[in-house]
Amino acid sequence: MFDRRRFLQTGVATASLPFLPRPAFGSTLEDEHTAWFREAKFGMFIHWGPYSLRSVEASWPIMQPGNWQISEAEYRALPQRFNPVHYDPDHFIDLARTAGQEYMVFTTKHHDGFCMFDSSYTDYKITNTPYKKDIVKQLSDACARRNMKLGFYYSPPDLHHPGFRDTTKLARDNWNGQPERPEWSSYLAYMQLQLTELLTRYGDVRVVWFDGLNHQEKYDGQRFLDLIHKLQPPTLINDRIGLTADYVTPEQFIPKSIPTKDVRMRGADSSIQGEFKGGVPSSADFQLWETCMTINETWAYNIHDTKFKSTQDLVRGLVEVTSRGGNFLLNIGPQPDGLIQPEFQERLQGIGEWMALNGESIYGTTFGPIQGEVAYRTTTKRNDIFVHVFDCPSGPLQIKGIKPKIQSAHMLATGQPITFQQADGEVRLTLPAQAPGKHVHVIRVITS
Ligand code: GLC
């Protein structure tokens, strides 16, 4: 059975290449560079800030005020009341570990411009709230102590900075930013200073997760990729600053086909949405990707949002993503007092129970050889094919497309052997009458 404790001790392959230059995209070294990310598969996204006080989405209430019952002035005043006295970064890490999540991505600054870290270049920050302490620092210290990989969400749009837009106007009128104004260069300089703070004061930053919204070319992404690569060569960078960088980020959906490198030419969204195209790419053509998703329907804490996905839906989401070679970044929005609401905790716990038995079919795997089936999904690792059964058939499960000779098969969770027949390119697996466990039943098929 999968020994999770051993796995956690040895950890996934950590690409520690601090003295090597950042490898060119598409090179073999690129694979080493992204190895930890590809192995980790499952991460925790955290959207947290003063907006959590009002059960509204992060930043959008001042960008598109029609949809929210809060004025820009009231939104802007929220930091004066932000005091998450129960914040305990170890609790976040415990929860991530319970769920089987191998990394975290935390909102250091959302579009509203409020900084959850003690930036020297703005007063609009956590140390000027009643709470006073640097939240990012506490999290990064705890993550370093506990060997949890940490990434930083950093929004290029910044509705608070006078170089980004004319802040004498309402944010709804110019939230896209005003790169045509001479002040724009002062905003890019501010980004440079803040990213330098984040990459020099908070230990290892495994990911910089930009969220550039519209017209991302105005941020001069290459300048910031170069900066990050210089300050921390191993840091991975997502695709929301006008360049694909290390991985693409479908939001709130799972691509129906395995993403391939041509998304770099065609733009991430157009090529990864749409219908199933079939096929399994070569590893050189595969485009690394990560779906980010909410547990209910909002990123920030919202007491009114009770549309929670079930644990089963979330486990199946994770399997679906993994079967196409992606990562799953599942979001929580902590409460304003720093605690995590029970509905999130229960689901993370439930996913963790499934992962404790079946994690081997997820961690370190890549997209499986058979795609586009309704009843099951596949992942693969070395000579193993993991068949994730969503709908148990009444008779044997028939699978076409497993070419290598099968040595044996068993239920991953229990070790119970599975009888199989392999002939004429087809495999028949006879599942136990009473399939063990919940959500998804995993068969490990060992081939030669
Ligand atoms: C969207 C939203 C933003 C959220 C992000 C997470 O881009 O604008 O609020 O942080 O999705 O992917």
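Of the 448 residues in the protein, 58% are buried, where buried means under 20% relative accessible area, exposed means over 50% and partly exposed lies in between, with a 1.4 Å probe and protein chains only. This is a predicted model, in which local features need pLDDT of at least 70 and side-chain atom pairs count only at pLDDT 80 or more, while totals for chains, interfaces and linings use all residues. Residues are numbered from 1 along each chain as its sequence is written, and side-chain values use heavy atoms, with hydrogens and water left out.

**Overall composition**

- The protein holds 14 helices and 15 strands, taken as DSSP runs (H or I of at least four residues for helices, E of at least two for strands) and numbered from the N terminus.
- Among contacts with a separation of 6 or more, 70% join residues 24 or more positions apart, a contact being heavy atoms within 4.5 Å.

- Strand β1 pairs with β7 in the parallel sense over 5 bridges, two strands being paired if DSSP finds at least two bridges between them, and M44 has L330 in β7 as its bridge partner.
- Strand β6 (residues 290-294) also pairs with β7 in the parallel sense, over 5 bridges, and the bridge partner of C292 in β7 is L329.
- From β6 the chain passes through α13 to β7 in a right-handed β-α-β crossover, meaning that, with the strands pointing away from the viewer, the path from the first strand over the helix to the second runs clockwise.

- Strand β3 (residues 149-154) pairs with β4 in the parallel sense over 4 bridges, and F152 has V208 in β4 as its bridge partner.
- Strand β5 (residues 236-237) pairs with β4 in the parallel sense over 2 bridges, and here V208 has I237 as its bridge partner in β5.
- A right-handed β-α-β unit is made by β4, helix α10 (residues 221-231) and β5.

**Antiparallel sheets**

- An open sheet of 5 strands has the order β8-β9-β10-β15-β12 with antiparallel pairing, and its edge strands β8 (366-367) and β12 each pair on one side only.
- Within this sheet, strand β9 (residues 376-381) and strand β10 (residues 384-389) run antiparallel and are joined by 6 bridges, with T379 opposite F386 in β10.
- Helix α13 (residues 311-323) packs on the sheet, touching β8, β9 and β10, and its direction makes about 55° with that of β9; axes are lines fitted to C-alpha atoms, for helices over the stretch in contact, and angles run from 0 to 180 degrees between N-to-C directions.
- An open sheet of 3 strands has the order β11-β14-β13, again with antiparallel pairing; β11 (397-400) and β13 (419-423) stand at its edges with a single partner strand each, so one side of each is left without a neighbour in the sheet.

**Helix α6**

- In helix α6 (residues 89-99), the buried residues are P89, D90, F92, I93, L95, A96 and A99, and their cover includes β1, β2 (103-109), α7 (135-145) and α14 (342-358).
- At the start of α6, a side-chain oxygen of D88 reaches to within 2.9 Å of the backbone nitrogen of D90, and just after the helix G100 takes a positive phi of about 90°.

**Two loop residues**

- H47, in the loop between β1 (42-46) and α4 (60-63), is buried with a relative accessible area of 3%.
- Leaving aside neighbours within four places in sequence, H47 is in contact with residues including T107, H110, Y153, W299 and N331.
- The side chains of H47 and N331 make a polar contact at 2.9 Å, the term denoting a pair of N or O atoms within 3.5 Å, where within protein one must be able to donate a hydrogen and the other to accept it, and residues adjacent in sequence count only if both atoms are side-chain atoms.
- G415, in the loop between β12 (406-411) and β13, counts as partly exposed at 40% relative accessibility.
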